Amino acid sequence: MQTTVRGVRVWDGEEELGLSDVEWLGDRLVAVTPSATDTPDSGLSLIPGLVDTHVHLDTDAVTARADRNWAIVTPPEERSLHVLAQAQTAMRHGVTTLRDLASDPTHFAVSRILDAELLTGPRLVTAGPVGMTAGHGDLFTPPHYPYRPPVADGVDECRKLVRHWARAGAHAIKVYTSGGVLSMGDRVEWRNHTDAELAATVDEAHALGMIVAAHSHSSIGIDRALAADVDSIEHATDMTQRQMDAIAERRIPVAPTLLIHDRLKTRVDDVSADAREKSAALEDARARTLREAGERGVRFVLGTDANGVFTRFGDQMAEVRIMAERLGWDARRALIAATSDAANAIGLGEVTGRIRVGLGADMVLPDGRPWDDIEELDTRRIRAVISRGRIVSGDLRGERLPRPS
Ligand SMILES: [Zn+2]
C-alpha cells in the first residue's frame, strides 16, 4: 500500500529538509520531495525512528521486576512472546530498530517472524554471546543450575560457539573483556577471556560476516577490546584519555548506557548491595570521563542496555536527552547518534536510520523540532510511529495520543 504525508518538516537523520512530502510503498521510501508552495504546514515533523544498539528483550514483560530466576525457569516458547512484547513496546515509543546483545534462539525466532512480516514489530538485530565459564554472561545463572547458556573456553571452543550462533541465525556476536555489575558474584575487574580467545572470536565472527560488540567497563578491558579489533564497545566506563583518542580516531561506536546506571544507584529494593556497590564505583569513573570523551570526539551512539526493569522499553528518548546533556552535545549531534549513526554502527546504514528514498520506512511523527531542541524529543510528543512501512502507533493526522504507558 502506498502512503503519503504532505507538508511536514523533515529531519532526515543528518539534515533538515524543510517542508516536504514523504511517500512510501510497503516498507520502502519511494519519494521525499519539497512540498508544493501552496501546501499547508501541518505543524508536524518527521524524523527517522530511533535505533537502540544495546538492549535485552529477554525479560519478563508483564511485571518488569528484577527477578533473576524468571528467564532461567521460563520455557523458551513463553520467553519468545515476551521478547516480541518488549520489542513492540519499544517500537510504539519511537524505537524502530533494536539490537539485542545476548540473544538466543527465542530472539532469532522473533527476528525472523518480524522479517517475514507475520507480526508487526521493529527491526531486530540479534547477537549471540561468546563468554567464558565464570565470565560476565555466565554469572547471570546460579552456579549449581544445570541448564545454562553455552560458554566457550579456549580458542577452539570460541570459534565453535561463533559458528554455532552463525548457523542458528545470529546477525552479530557479543564478547566480554571485563566483568560486570548485575552478574552474581562477578567482579568488574575480572579478566574475561584471554587475548588469544578474544582474537579468535573476532576473527571467526568477521570471517562469517558478523560484527562484534564488546562489553568493557575497566580500562584494561577497553585496551583488550581495542587490541582484539572489535566493532563496538559497550559501556566503556573507565576510558583513559589515550583510549578516548584511539576510539575517536578509529571511529569505534560506544554505547554509553547512562540511564541504567542512574537507576542502579537509586533503586534500593531490587538491586543487590553487591551490584549497587559495583555500580557506585563505576559512577565515579563515568562522571569523570563522559564529558571529556564527548569533547574529544568519541563516537557515542544510542545504546541503553534496556531490559524493561531498570531502563524500560520506551525510555530511549529520555536516554538521548541525557546523552546530549552529559556529553555536552547539541540536539542535532545527539539525534544523529540515535538515528543514522546508530544504524551505521550496527551495519544497517543502508537499511534504516535515515529518511531517504530506497531505505526502510521507519519514522516518528513528533510535534516539535527535536533536532533544534532535544527537550522536544519526548514520547509525549509522538503523534505517530511508522515501522517497516506500517503505522503502528497514532495516525498521520497528528492527533495527540493517549499518554503512552
Ligand atoms: Zn547489556
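Which spacing do the donors of the zinc ion follow along the chain? They follow the pattern H-x1-H-x248-D.

## Basis of the model

This is a predicted model, in which local features need pLDDT of at least 70 and side-chain atom pairs count only at pLDDT 80 or more, while totals for chains, interfaces and linings use all residues. Residues are numbered from 1 along each chain as its sequence is written, and side-chain values use heavy atoms, with hydrogens and water left out.

## The zinc site

H54 (NE2), H56 (NE2) and D305 (OD) coordinate the zinc ion at 2.0 to 2.2 Å. Donors are N, O and S atoms within 2.8 Å of the metal (3.2 Å for Na, K and Ca); water is not among the atoms, so sites may look incomplete. Both H54 and H56 are buried, where buried means under 20% relative accessible area, exposed over 50%, and partly exposed in between (1.4 Å probe, protein chains only).

## Domains

The domain assignment, which is automatic or taken from a database, divides the protein chain into domain 1 (2-47 + 355-394) and domain 2 (49-345). To the contact between them, domain 1 gives 28 residues and domain 2 gives 27 residues; contact means heavy atoms within 4.5 Å. The centres of the two domains, taken over C-alpha atoms, are 29 Å apart.

## The parallel sheet

Seven strands form an open sheet in the order β5-β6-β7-β8-β9-β10-β11, with parallel pairing. At its edges are β5 (50-55) and β11 (254-255), each of which pairs on one side only. Strands (E, at least two residues) and helices (H or I, at least four) are DSSP runs, numbered from the N terminus, and two strands pair if DSSP finds at least two bridges between them.

Within this part of the structure, β8 (residues 172-176) and β9 (residues 211-216) pair in the parallel sense over five bridges. Y176 stands opposite H215 in β9.

## Nonpolar cores

A nonpolar core is a set of buried Ala, Val, Leu, Ile, Met, Phe, Trp, Tyr and Cys residues joined through side-chain atoms within 4.5 Å. The largest has 72 residues, and those touching the most other members are V130, I173, V230, I233, M239, I247 and F300. Because domain 1 and domain 2 both give residues to this core, it lies between them. Another core, of 14 residues, lies apart from it and includes V5, V10, W24 and A384.

Leaving aside residues up to four places away in sequence, the contacts of F300 include M239, V254, P256, L290 and W329.

## Helix packing and an aromatic pair

In helix α8 (residues 258-266), the residues L258, L259, I260, H261, D262 and L264 are buried. The buried residues of α8 pack against β10 (232-235), α9 (273-295) and α10 (316-327).

The whole structure contains three aromatic pairs. Rings of Phe, Tyr and Trp (its six-membered ring) pair if their centres lie within 6.5 Å; planes under 30 degrees apart count as stacked, over 60 as edge-to-face and the rest as tilted. F108 and W165 form an edge-to-face pair, with 5.8 Å centre to centre and 75° between the planes. Since F108 lies in helix α3 (residues 105-115) and W165 in helix α4 (residues 155-168), the pair ties together parts that are 57 residues apart in sequence. F108 counts as buried at 2% relative accessibility, and W165 counts as buried at 3%.

## Residues with positive phi

E117, a residue other than glycine, has a positive phi near 60°. E117 lies in the loop between α3 and β7 (123-130) and is partly exposed, with a relative accessible area of 39%.

H235 is not a glycine either, yet has a positive phi of about 80°. H235 is placed in strand β10 and is buried, with a relative accessible area of 6%.
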